[in-house]
Amino acid sequence: MAYKVFGLTASDQTSLLRIAILGLISIVAVGSRLYSVIRFESVIHEFDPWFNYRTTRYLVDNGFDKFWNWFDETAWYPLGRVVGGTLYPGIMVTSATIYNALHLVNIPVDIRNVCVFLAPAFSALTALATYQLGKEVKNATAGLLAAAFIGVAPGYISRSVAGSYDNEGIAIFLLVFTFFLWLRSVRLGSALYGALTAIFYFYMVSAWGGYVFIINLIPLHVFALLVMGRYSNRLYVAYSTFYVIGTLASMQIPFVGFQPTFTSEHMAALGTFGLIQLVAFASYVRTLVPSDQFRVLIRLSILGLFVVGFGGLVLLTMTKVIAPWTGRFYSLWDTAYAKVHIPIIASVSEHQPTAWPNFFFDLNMLIWLLPAGIYFSFRELSDNHVFLILYSLFAAYFAGVMVRLILTLTPIVCVMAGVAMANVFEIYLDFSKTKSKAEAVKAEDSVMEKKEREIQGELPAAKTIYETAGFKRFYALFPQIVVVANFLYFLCMFQLHCSWITSSAYSSPSVVLASRGPDGSHHIIDDFREAYYWLQMNTKPDAKVLSWWDYGYQLAGMADRTTLVDNNTWNNTHIATVGKILASDEDTAYELARHLDVDYVLVVFGGMLGYSGDDINKFLWMIRIAQGVYPDGFKEEDFYNAAGEYAIGDTASPTMRRSLMHKLCYYRFHEVMGPQGFDRVRKQKLPRDVTLDNFEEAYTTENWMVRIYRVKDLDNYGRSHHAASAFEGPRFKNDFVF
Amino acid sequence: MMRFSFRLLLQALVVLAVALVGIGNGQSLQALQKKANKDKDGLARLDINLFMKHVVSETKDYSVVVQLTALSPKYKCGPCKSIDASLRAVSRGWKNQANKNGRDIVFASLDVEDGEEMFQQMKIDNIPRVMIFPASKGPHAFANPSPREMSLSQRTSSALGMASKLSDLFGIEIKAQVPVDYAKYLMNAASAAAALYALYLVYKHINLRTLGRNVWAIASILFVLLMTSGFMWNRINSPPYMGQTRSGDVILFAPVNNQQYGVETQVVAVSYAVCAMCVVALVRHVPKIQNTDQRTFVTFMFVVALVMTFSYLNSVFRMKMPAYPFRMLLP
C-alpha cells in the first residue's frame, strides 16, 4: 500500500529520493576535497600538477595548434623537450574547455582556479558513474551505496583533492564510466553503447597512461566469457565495435601513436579481436555442419591456432617487430626487476609494494567487504559479474605490487562493497515479512486465549509484558534492528575514518608545509615558494638552474627558469649526469656544471626543520642512478663510513664529505646552529669546516629548506678558485681581525 | 646500538701484540695453517694467544681475514651464524683454489668463548665483525698495512658478495664455494611431486564441471585476501616472520605504519575472511533458519563475531598508527 506524498506516486518518490541522495553524495564528495584550499589557499600541489598547470596555461594563452606543436627549450637543457608529443593532453584540454566555456558566459574565472577545482568536480562525476555501474550490476541500492563509498574513499581522495591537478583526477571518472558503458553494451549487445565505450576510452587514452588497464581488462573479460562458452552475438557486436573505434581513436594521440599495433601491452586486445572473429565464424559454421564433425573440426583448429598464434607472438617479440614490455610493466610482473635494473623506478616511493596498513588506511571496512562482494558475484555470475571478478583480481594484484595502484582498486572495491552491503540491507531492512509473521502470531495467540478462556470459563488475568502483542512484534524484529544498527555504526565509522584520513594525510599541498608549535600555534612554512620567487625576481630570465629531478616541474612552473632535468624522467643519462655532479667533489662538479652551462645549483635541505624528504636522504638514490650510467669512479659503498653507516658531518666517509651535495647542504650551517648544533633529520653532529670555493651562496630561505648557489664565473686573473680564496683569506673571519 | 671507537681497539690490540712479538714469521704462518687444516673448511679457530701472536703482530708476510663472533647457542646470535656460513664458504673456496698466485691468506675465527677477556677489555659489544689484517712485508705487502674492518652490508654478508669484496681488496680472484642445499632441492621436488599427484587426483575423482564455480570462487577470494593483506610486500621485502621485544617476548605486529612482519599478513587475511564470512552468512545462511529463537541466536552470534573482528583490526591499526583517533569496542 503506497501513500501519495505531494501528489507523487511511490516510484516518483523513490526516484526523487535517489536524485536527492546523489546530489548530497556529490556535495560531500566535493566538500571533503576542499580541506587544503580552506587551510592553505587555492594552490597547485606537489610536483607533476605544476607541469600540467604550466602546460594548461600555455594552451589557454596560445591556442591548441601552438600547444600541440610546442617544443619546450627550457626543460631538459640543453636537449629540450617535445611537449605536445610527449604528454597526455586530456586534462589540459578539459580545463581549457571549461575555462573557455565559463568565459563565453562571462564568468571571468582564473585558469588556476579551474585547475585547482577540476579534480573535486570530477569526483562528483565519478560518484554518478559508480552509481550507474552499481545499478548496472545489481540495483539502485547497490549503486547508491557504491557512489557514497567512492565519494569519500581515501584511496581515491588521495589523488583528487583540490589542487592535485593530475591526470588521475579525471582518469578515474573515465575509467569507471568506460567500464559502465562496456557492461551495458555487453548486456544489450548494442553498437551504440559499444561506440560510446570507445569514445570514452579515447578520452581516457588522452588523459592517463593507465588506459592500458582498460585495453587489457576488457579483452580479458571477452576471453573469459569465450572460455566459459558464453559467446553471444551481443558480445561480438559490443567488442568489435569497441575495439575498432577505440583503437583507431586512441592512435590519434601522438604520445600513443602506432603503439596499439606493435607493443605487447596492446597485443591481448588485438589477439582477442582476432579470436572473437574466429569464434563468430565457427558458430556460423556450426549451423551448417553436423555436430560430431564440428567437434573434431573445432578441436583441431583451436590447437592449430594456439600454436600458430603463440609461436607467432614469440617470434615477433624476439625479432623485435613487437616491442617487448616496457620497464615499468616488467616491474609489475617480476617484482624484483625494478630493484635490480631500474633504480629510477625503484627510487620513487609510489612504486613500492603495499603493506596491509595502507589498504586499511585507504579503504577501511570496504577492504573486507570486497571478498564478500566477490562471493555474491560468483553466486549470480552473469556476464557483468565475470567482469567484476576479473577486475577485482587484477586490481588487487596490482595494488599489492604498487602503492599508487590502490587508486585503480578503489572503484571496484566500492562497487563490490556496495553490492555486499545492498544484499544485507535488502534482507534486514525489509520489515514487511516479519510484520505479517508477528501479526499472524498475534492472531493465533488471541484465538488460543479465547479457547483457553472458553475452556476454563475464567476472566482474562492481567497480561505480563512478555505476552503483549507489542513485545512479540519487537522480539520478532529485534535481530533485524541489531543487524541494521550494526551496519549503520560501521557506515558512520567509515565516514569518520574517511574524513579524518583526508584531513590529516591527503590535504597537504607539499609545496607549502604546516607545522604546529608545542603551544598549538600554527606555522606555515613557505620556503619552496620563497626560493622559487627569489629565482624569478633576481636571476636573468634564461638562467639555468640545476637541481635534482624532483624539483624540475616546480622550478619551471613557479620560478620560470630553465631546468636540466625534471619529473618527466625520460632521459636517464641526463639525470645520472646531474647525480654525478651532485655526488662528485667540488672541482669535478664545477667542470661538469660549466660544461652544461649551469648558472645556479639548488638543493633542498631539511636539517634545520627536521624535514626528512630532503636531498641528503635522497642522495643515495642519486648515487645509485649515477653509478648505473657512470660505473667507473662511482661506488655507493664509498659513501658509507668505516662502520658501514650512511653518516654526515665529521663521522662521514671522506668521499661523502668531499661531495658537492654535502658541501652545499652544510656550508655555514654550523654558524646558525651553534657549536653544539645537530642535524635535526639525521640526529648527528654537524661538520665544522665546510669550505666552498667554486660555488658561492646566492640565497638561503627562511628555514634553510632551499639553498641556492651561484656557479662562479672563471677567475679574472686565471687562477683556480681555490687559489683565489686562499689569497683573499677566509671571508667571514676577516671581520674579527681588526 | 652502542658503537666503540675502532681506532681505539686497533691501538690497544697493537700495544698488546707488541709485547708478544718476537716469534718468527714462518713459524706463525705454519701455526695458523696447522689450525686451519684441522677445520674442514680451512677456517682456523683461534684463541686469544694465537690471535695476539700471529694475527695482530706488526710485521708478517701473510694476510689474515678473521671474524669476531659468538657461535655458542647461549648467545643467540643469529647474524653470527649467517656471517660464519658466508666466511666458511669463502674459506672453503680459497682452500680448494688451485691458483693462489703465491698468496698466503688465512681465514680465521675468534669466538667470544675463546677470548672473553679480550672482548671485555676492548668493550666489543658489536658482533659479528670481519677484520682484515693485511701482510706488511714480503712480495704481497700492502701499501697501507693497517688492519681494516669489512663493512657488513646486505651484499657483503652473502658468501659471493664477501668473496668479491675480498677479491677486490687482495687483487686476486677468490671464489666462494657455497654448499649445495640438497634439502631445499629435495623439498621442492617433493612438493612438486605432491602437487602433480594432487592434480592427478583432482582430475581423476572430481568432476570439474559441477565443482567449477565453487573452486574458482574460493581460489579468487583467497587470492584477493592475500593481495590485500600485504602478501606482495612480504615477497619483495622479506621481513622477519615475527618480532621480538628486548625481553624476548614475541610480538606479532610491527609497531610502524609502513612495515609489517610475515605473520601479520596471515592474521589480517584471516580477520578479513572472518568479517566477509559473517556478512555472507547473514545474507545467505541466517534467513533460511526456520525456528525464530534459533535464528535470533545465530544472527547475534554473527553480528558479535563481525563487530569483534572488525574492532580487533581497528585496535591493531591504532597500535600501528597511534595518531588514529577512532576506537571501536577493543582498546
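1. Two residues are taken to be in contact if their C-beta atoms, placed from the backbone, lie within 7 Å. In this predicted model, A:Leu369 is in contact with A:Met416, A:Ala417, A:Ala420, A:Met421 and B:Val279, leaving aside its neighbours within four places in sequence.

2. A:Leu369 also belongs to the largest nonpolar core, which has 230 residues. The members that touch the most others are A:Met204, A:Leu366, A:Leu369, A:Met416 and B:Val279.

3. Where the chains meet, chain A gives 46 residues to the contact and chain B gives 54 residues. On the chain B side, two or more residues come from each of helix H8 (208–228), helix H9 (231–237), helix H10 (262–285) and helix H11 (292–320). By class, this side of chain B has 32 nonpolar, 15 polar and 7 charged residues.

4. Chain A is divided into domain 1 (168–295) and domain 2 (526–736). The C-alpha centres of these two domains of chain A lie 51 Å apart.

5. Chain A has an open sheet of 5 strands with mixed pairing, in the order S6-S5-S7-S11-S10. Strand S6 (562–563) and strand S10 (695–700) of chain A are the edge strands, each pairing on one side only.

6. Which way do S10(A) and S11 of chain A run relative to each other, parallel or antiparallel? They run antiparallel, and 5 bridges join S10(A) to strand S11 (residues 706–711). A:Phe695 has A:Val711 in S11(A) as its bridge partner.

How values were computed: Residues are numbered from 1 along each chain as its sequence is written. Chains are lettered from A and ligands numbered from 1 in the order in which they are written. This is a predicted model: local features need pLDDT of at least 70, side-chain atom pairs count only at pLDDT 80 or more; totals for chains, interfaces and linings use all residues. Helices (H or I, at least four residues) and strands (E, at least two) are DSSP runs, numbered from the N terminus. Ala, Val, Leu, Ile, Met, Phe, Trp, Tyr, Cys and Pro count as nonpolar, Asp, Glu, Lys and Arg as charged, and the others, Gly among them, as polar. Two strands pair if DSSP finds at least two bridges between them. Domain bounds come from an automatic or database domain assignment. A nonpolar core is a set of buried Ala, Val, Leu, Ile, Met, Phe, Trp, Tyr and Cys residues joined through C-beta atoms within 7 Å. A residue is buried if 20 or more other C-beta atoms lie within 10 Å of its own, exposed if 12 or fewer, and partly exposed in between; C-beta atoms are placed from the backbone.
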